[in-house]
Every structure is written in structure tokens, then in C-alpha cells.
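Please consider the following structure.

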Amino acid sequence: MGADNFFSVSKKPRYTPIVQYQTKGRVTVTPTAGRALATVYDEDLLLFLISQLVHQMDTGGGLGSTVHFHGHTFYKFIRKTSYGGSDYQKIWEALDRLHNTLVEELDKGDLQFHWLADIGRKYKVRSDGSQYGHMFEVSVPPRLLKAIRSRKVLTYDKAYFKINSPIERWMYRFVRKSVGQGKDDRFK
């Protein structure tokens, strides 16, 4: 158990890598393709995707690597009650940061992965002819699927999404990880 942080805790875009030295080696989190690092707020999308995949597995649907979702489903998950057209663009920007953030673990072997393997969106056309992305398609990498399949994911209290401070979010995650697995300790 460590104080790992794989996300920017700044509300401003961060373009410098996060480098952590651990007893097992070094972890570097780097933005790619000119994008900023994924943030602790972008992690909400990962939590949502994990919950969708766990639900899929628990209801006998098997475990696929792709999740299709509408923006309003995500906002309902994080308990946001008011959202509009620009919020769908914010989902896309967060997916883009997750897709373009590279995590490298350098220890006895080297491992590299992006938080999301593939991302896509489908558009709807407004009455004025403008488009907006309303449906998203996301493929998660094998590393995340393996963690879900082996039930190595933790539940978060619903109040987590009300935490505004990025540092407090990191602290919550650290404490939650320290507590570890408990009875029926899965995303629902």
C-alpha cells in the first residue's frame, strides 16, 4: 500500500510528468499528444466505466472491453443534477486526457499503459444544424479488465463525488485503499 497518485491534483492543466520513486521501482505518468495529464476529476469516468463493467459481469452479461454510454448516465452516476451541452464536451475532453495519459512502471520489468484504449463519440444534430456528442464508446485496456475480472476494485462512497478539493479526493482514495477489501467490497 502506498501513496500512489496517477492523476494530476491540480485544477489547472498539468503538462509535466508525475514521477514517483517506490521500493519496487519508478512510476512515471506522462501526458502525450500535447494533451494535459488526466486529473482526479477525470478519474470519475474511470470509476463509472469500472462500475458499468462490474455490473455487466454481475448480471451475467460477461465482461467485454467496451462500454457505450450517454452523458446523462455518467452525470447521474456522479450525482450531478444540472448539466447541459457543454458538459458533454467536458466528458469528451476528460476521455481524451485519460486516453492520452501514459503510465509507465519501471521495476523488474517494464509496463506501459494508457487509462483508456480507444474512445469515440456519436453526435446528435440540433434544430439549428449544430452537432453535439451525446453517446460515447470507450474501450478499456486489458490491465483494467484483469483487475475487474479478479475483483481487485474498491467501492467508493457516493459522497466521494461531492468532494471538491482535488487534494481531499486524493486523501480519500489513499485512505480507502489503505482500508482494503471488506465484505462485498465492489462497485455497484
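K11 is exposed, because its relative accessible area is 63% (exposed means over 50%, buried under 20% and partly exposed in between, with a 1.4 Å probe and protein chains only). The model is predicted, so local features need pLDDT of at least 70 and side-chain atom pairs count only at pLDDT 80 or more, while totals for chains, interfaces and linings use all residues. Residues are numbered from 1 along each chain as its sequence is written, and side-chain values use heavy atoms, with hydrogens and water left out.

K11 lies in the segment before β1 (18–22); helices (H or I, at least four residues) and strands (E, at least two) are DSSP runs numbered from the N terminus. Not counting residues up to four places away in sequence, K11 touches Y41, N164 and P166, where contact means heavy atoms within 4.5 Å. K11 and P166 are 155 residues apart along the chain, yet 7.5 Å separates their C-alpha atoms.

The largest nonpolar core has 45 residues, and F69, L95 and I148 have the most contacts inside it. Such a core is a set of buried Ala, Val, Leu, Ile, Met, Phe, Trp, Tyr and Cys residues joined through side-chain atoms within 4.5 Å. With nine residues, α1 gives the most to this core. Leaving aside neighbours within four places in sequence, the contacts of F69 include L45, F48, L49 and L95.
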